[in-house]
Amino acid sequence: MSFLNIAQNRYTTKKYDPNRKIDEETVEKLKEIIRLSPSSINSQPWKFTFVSDENIKSKLSEFSYNNKQKVRDASHLVVFSMVKDVDTFENRKLNLLPEGATTYYNRVLKPKGDEQIMSWLKSQVYLSLGFFLSAAASIGIDSTPMEGISTDEYDAILEDNEYKTLFAVAIGYRDKDDSNQPSQKPKFRLDRDKVIRTIK
Ligand SMILES: Cc1cc2nc3c(=O)[nH]c(=O)nc-3n(C[C@H](O)[C@H](O)[C@H](O)COP(=O)(O)O)c2cc1C
């Protein structure tokens with residue numbers, strides 16, 4: 001499938017087939033793909049937690065608002081987290097990067113202060129979301145990006161001291177009757193002239 005076809009056909013799955021699980025080989029492929037996400041100065045300020053344990057998935061579903069049933073029925077839940085603070089980023093990640101990256105960080109980003117650095121780090125994790133959704137669709141995996149979760153409760157359940165939850169993605173296979181799929185509900189996007197500007 002061409003990338004254009006993938007863009008036309010991927011969609012936010014609203015109902016999963018609870019009986020279809022993603023096989024381990026495919027899950028491993030997705031883990032490798034997400035590991036390869038690009039980020040500014042290769043900062044990689046993220047952690048991706050793949051949850052298939054039904055007990056943990058069920059606990060997380062209770063803190064997933066309208067997404068509860070999707071979390072329960074999906075094959076896996078991938079929780080996207082970022083380093084919890086600037087110190088953790090500098091101690092755990094920055095010193096693994098090449099000198100050019102650290103120089104840029106110290107000269108350009110550090111003077112902006114912690115709030116802006118955290119915002120910059122967060123945007124790197126969102127970038128990996130786009131990468132992941134497209135990649136999943138390209139290998140026939142349906143997905144649901146979800147900001148509609150209680151991140152504090154997720155953190156309490158996942159018990160990771162160095163990372164905090166930003167959002168999650170349910171992955172699996174659609175229920176054949178999912179009414180949100182493009183064959184039943186045409187994709188809505190703003191017209192090209194509203195979002196694309198061409199300067200020749
Ligand atoms: C960052 C982000 C968070 C989202 N959060 C939710 C969510 O909590 N629940 C949900 O059902 N859809 C969620 N969506 C899906 C969007 O509503 C959807 O991508 C948008 O309407 C476009 O539809 P499409 O993905 O089917 O093309 C989210 C999408 C993004 C990118």
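## Crossing of two helices

Helix α2 passes helix α7 in a right-handed crossing, a crossing being right-handed if the near helix is turned clockwise from the far one by less than a right angle, and left-handed if anticlockwise. Helices here are DSSP runs of H or I with at least four residues, and strands are runs of E with at least two, numbered from the N terminus. The structure is a predicted model, in which local features need pLDDT of at least 70 and side-chain atom pairs count only at pLDDT 80 or more, while totals for chains, interfaces and linings use all residues. Residues are numbered from 1 along each chain as its sequence is written, and side-chain values use heavy atoms, without hydrogens and water.

The axes of α2 (residues 24-35) and α7 (residues 114-138) come within 9 Å and cross at roughly 145°; axes are lines fitted to C-alpha atoms, for helices over the stretch in contact, with angles from 0 to 180 degrees between N-to-C directions. On the α2 side, Leu30, Ile33 and Ile34 meet Ser128, Phe131, Phe132, Ala135 and Ala136 of α7. Seven of the residues in this contact are nonpolar, one is polar and none is charged (Ala, Val, Leu, Ile, Met, Phe, Trp, Tyr, Cys and Pro count as nonpolar, Asp, Glu, Lys and Arg as charged, and the others, Gly among them, as polar).

## The nonpolar cores

The largest nonpolar core has 34 residues, and Phe50, Phe80, Tyr105, Leu121, Phe132 and Ile171 have the most contacts inside it. Such a core is a set of buried Ala, Val, Leu, Ile, Met, Phe, Trp, Tyr and Cys residues joined through side-chain atoms within 4.5 Å. Buried means under 20% relative accessible area, exposed over 50%, and partly exposed in between, with a 1.4 Å probe and protein chains only. Elements that each supply at least two residues include α2, β1 (46-51), β2 (76-83) and β4 (163-172), and α7 gives the most, with nine residues.

Beyond its neighbours within four places in sequence, Phe132 is in contact (heavy atoms within 4.5 Å) with Leu30, Ile34, Phe50, Val78, Phe80, Val169 and Ile171. A second, separate core of twelve residues includes Leu60, Val71, Ala168 and Ala170.

## Strand β3 and Met146

In strand β3 (residues 142-146), four of the five residues are buried. Five bridges join β3 to β4 in an antiparallel arrangement, where strands pair if DSSP finds at least two bridges between them. Asp142 has Gly172 in β4 as its bridge partner.

Met146 belongs to β3 and counts as buried because its relative accessibility is 1%. Apart from neighbours within four places in sequence, Met146 is in contact with Asn67, Val71, Leu77, Phe167, Ala168, Val169 and Ala170.
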